[in-house]
Amino acid sequence: MNLLISALYSSCCADSEQSIVAARASVMIYDEGNRRWVPSGSSQGLSKIHIYQHTINNTFRVVGRKLHDHEVTDVKSAQLDKIR
């Protein structure tokens, strides 16, 4: 049953999400304990950042991928209010 649901979701919803903007950036996270910005992830360097829109649900998500080692960060919607 789960396999069928996954297959149906993949076939009906895979095209429902699209990248609406992309940019290269140094991704930083604010460390409130030390009151400074620190690099996100386990390595430094530029990332390719995408903002994806789910066109059916009208929701958004931010995904970053490091250019040199392809480390992926998916910013959860609960964290979007912390973006400065």
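Mentor: Please bear in mind that the model is predicted. The structure holds one aromatic pair. In this pair the ring centres of Y30 and W37 lie 5.2 Å apart and the ring planes meet at 65°, so the arrangement is edge-to-face; the angle required for that class is over 60 degrees. Y30, the partner of W37, is also partly exposed, because its relative accessibility is 27%.

The loop between β2 (28-31) and β3 (36-39) contains R35. Although R35 is not a glycine, its phi is positive, at about 55°. With a relative accessibility of 68%, R35 is counted as exposed, because the limit for that class is over 50%.

A positive phi is also found at N58, with a value of about 55°, and N58 is likewise not a glycine. N58 belongs to the loop that runs between β4 (47-54) and β5 (59-66).

One further aromatic contact deserves attention. R61 is placed over the face of Y52, 5.1 Å from the centre of the ring.

How values were computed:
Residues are numbered from 1 along each chain as its sequence is written. This is a predicted model: local features need pLDDT of at least 70, side-chain atom pairs count only at pLDDT 80 or more; totals for chains, interfaces and linings use all residues. Side-chain values use heavy atoms; hydrogens and water are left out. Rings of Phe, Tyr and Trp (its six-membered ring) pair if their centres lie within 6.5 Å; planes under 30 degrees apart count as stacked, over 60 as edge-to-face and the rest as tilted. Buried means under 20% relative accessible area, exposed over 50%, partly exposed in between (1.4 Å probe, protein chains only). A charge sits over a ring if NZ of Lys or CZ of Arg is within 6 Å of the ring centre and within 35 degrees of the ring normal. Helices (H or I, at least four residues) and strands (E, at least two) are DSSP runs, numbered from the N terminus.
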